[in-house]
Amino acid sequence: MLIDKLTRMIRILIISFILLTGSFQSINSQNMNYNCAIKRSQSNTTEKLSHLRAQMKNLGLYAYIVSSEDEYIQEYDTRQAWITGFVGPIDTIVVTLDQAVLWIDRQYWIQAKNELDCANWLLMALGEPDVPTVSDWISKKLKTMSIYNKVGFAAQFISSNLLSSLKYSVTLNDVSFIGMDELIDQIRLMTQSNPVYVHDIKFAGITWENKVEIIAGLIKAESMDGLLIIALDEIAWLFNVRGSDISYSPFFQAYAFVYANQTTHLWMNESQLTIEAKTQLKNVTIRSYGEFLSDLNVIANNSNINKIWITRSVSQSILNNIPVNKRFIAGSPVQRTKAIKNSIEQKGMRDSSIRDSIARVRHLAWLENEVMNDHRVNETQAAERLEFYQSQEDYFKGISFSTISAVGAHAAVIHFEPNATIAARITKDQIYLLDAGAQYLDGTTDVTRTHIFGTSTMEERKAYTLVLQGCIDLADAVFPVGTYGRQLDILARQSLYKNFMDYAHSTGHGIGHFLSIHEGPSFIGMGYSSLDIPLAHGMVFSDEPGFYLPDSFGIRLETHIMVQNYTLEDNYFNSMTQFLHFEPLTFVPFDRNLIVCEMLTKTQLDWLNWYHAKVRNTLESAQRLNADELNYLIKTTEVISC
């Protein structure tokens, strides 16, 4: 998730104000209206906060700030969820010796009230009239006469841009603003015991040594001496190991360094490695996670090291340990290499998508029967049932993100997350959107379909059909080598544009191979990134246009598509230009009850019928569906004619 410039500027101003503060006084939270009620669904963070405050006292801190920026990629970060109990997006956390507060966007308010540890945390909605800003709140708290009168921040989790913006305030004021090692992680790592295990070669396709050889070649090509790797998905991929330190993603906390001569270093909690993983990595120098920065300083100041390849996302503390004249800042060669799946990985993405599609069809057959027979099924129950079906598939390791199961107006919230205490019932005549995925040893999935089990409105059918047209137009595209995803984005939006409609998210994100559901550097969207590279054979993306009518309904259709070479028996005038196209990997029917056939072009209708035939043949041949499920499949994949 990207933080827009305005939000970043606001955060800078907020934290800068902290540094301008000279005195605090207590505030009676009982008289404020920003707190939330204690519920059984909430976590208990009392002990965690106690450990954090003990460390703060040892350092002479009164306040400790946790930025929403992350040293790896923001979505990987779980420290905020761990310390608060809230798993949604958090803007800023401030923990003092006597209170703890977090600020979030209003759209996540209901979710936070059900998950946040309200016995220990105050909840603030950003921008609300009666809610104090971070600066307003903290300006009344710090006691400059106390021995605890410093504000701390984690140097490795704050970007150089944000830090440089704060330096001016620091030099003008006497407030001590101290960079330090991340305190929350220190508490977590004391109890970290999740195993790090081998990702078998039958899934990975090539050995980790071969991968290092490829990356070392790219390092040499740039005349670099070494590459620093901070992205967790890149580390897991490179060494053919996986873990579970990060919710929904098979990653573990680590840093890595690859020399041009193929020597490798890994900083992690070595006790997490299984016996098999230790054997596999016997030629890797493994050091304690906590020794990373000091070791990096030694490496960077070695006279034999002239240039170190780093990415722009590295933290200020990393930059501080690498001399300016030794820095080479560019996109990660591991990220670019990883995005193009090898033949074994491509097979795994196909196979895992088929199994996940089987689970989805089984789930839909069950759900339709329940709803049509007036059985009560709510959003969370439907999500849990899907996870049950997914868990019955081979190589299942867990879901790949928190399932978006949304009825009616909830479906209009792009990232809606249901909660058992507020879950709405799924009914016949309300739109139901289900966005869910899973992690399998041979692939990662992320699929969305929107359904109606009874009567829909013309407005809903029109919106669904326009979104479907965009989904088809992108999936059916043929384009030359060298094409960027941003050049194809218009295909998914043009039908909506013609009706003055649009959606406020990218059309497609890269998908990892038993890694992250969001993978760079390529994407399909309107934005521009200097890290972007052209689409290439073996890349996998989501194809997910949508439309969201606030307080009414939402439509999203998401299908996995894999870039493949496109060839014809007879190229026009023997053209030597190589073209590409998309191969659909997801085999879940579109809802014929929401399709206005007359709106489709002949090409779109032909593709839709071809796709549904492919869905039926693929899932039938798997021989995994019972009679009722098979009947559902046949019914939903019948030829559509106008």
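**Exercise 1. State how the lining residues of the second largest pocket divide into nonpolar, polar and charged.**

Solution. The lining holds 6 nonpolar, 4 polar and 4 charged residues. Here Ala, Val, Leu, Ile, Met, Phe, Trp, Tyr, Cys and Pro count as nonpolar, Asp, Glu, Lys and Arg as charged, and the others, Gly among them, as polar. This is a predicted model, in which local features need pLDDT of at least 70 and side-chain atom pairs count only at pLDDT 80 or more, while totals for chains, interfaces and linings use all residues. Residues are numbered from 1 along each chain as its sequence is written, and side-chain values use heavy atoms, with hydrogens and water left out.

Next, locate the pocket. Of its 14 lining residues, Thr380, Ala383, Ser402, Thr403 and Pro418 lie nearest the centre. Helix H16 (residues 379–391) supplies the largest share of the lining, 4 residues. (Helices, H or I of at least four residues, and strands, E of at least two, are DSSP runs numbered from the N terminus.)

Last, the volume is about 310 Å³. On a 1 Å grid over the protein atoms alone, a pocket is an open set of points with protein on both sides within 12 Å along at least five of seven lines, a cavity is a set where a 1.4 Å probe fits but cannot get out, and lining residues have an atom within 4 Å of a point. Points are joined across faces, edges and corners, and a volume is the space filled by probe spheres set on them.

**Exercise 2. Describe the second largest cavity: which strand gives the most to its lining?**

Solution. The structure has 2 cavities of 30 Å³ or more. Strand E23 (519–524) and strand E24 (540–543) each supply at least two lining residues; E23 gives the most, with 4. Among the lining residues are Ala339, Lys341, Gly510 and Phe541. By class, the lining has 6 nonpolar, 3 polar and 2 charged residues.

**Exercise 3. Find which residues of helix H20 (residues 627–636) are buried, and where they lie around the helix.**

Solution. Buried means under 20% relative accessible area, exposed over 50%, partly exposed in between (1.4 Å probe, protein chains only). In H20, Glu629, Tyr632, Leu633 and Thr636 are buried. Seen down the axis of H20, these residues fall within an arc of 100 degrees, so they line one face of the helix. The arc is that of the directions from the helix axis to the C-beta atoms. Helix H15 (343–372) and helix H19 (602–622) are among what covers them.

Notes:
Contact = heavy atoms within 4.5 Å.
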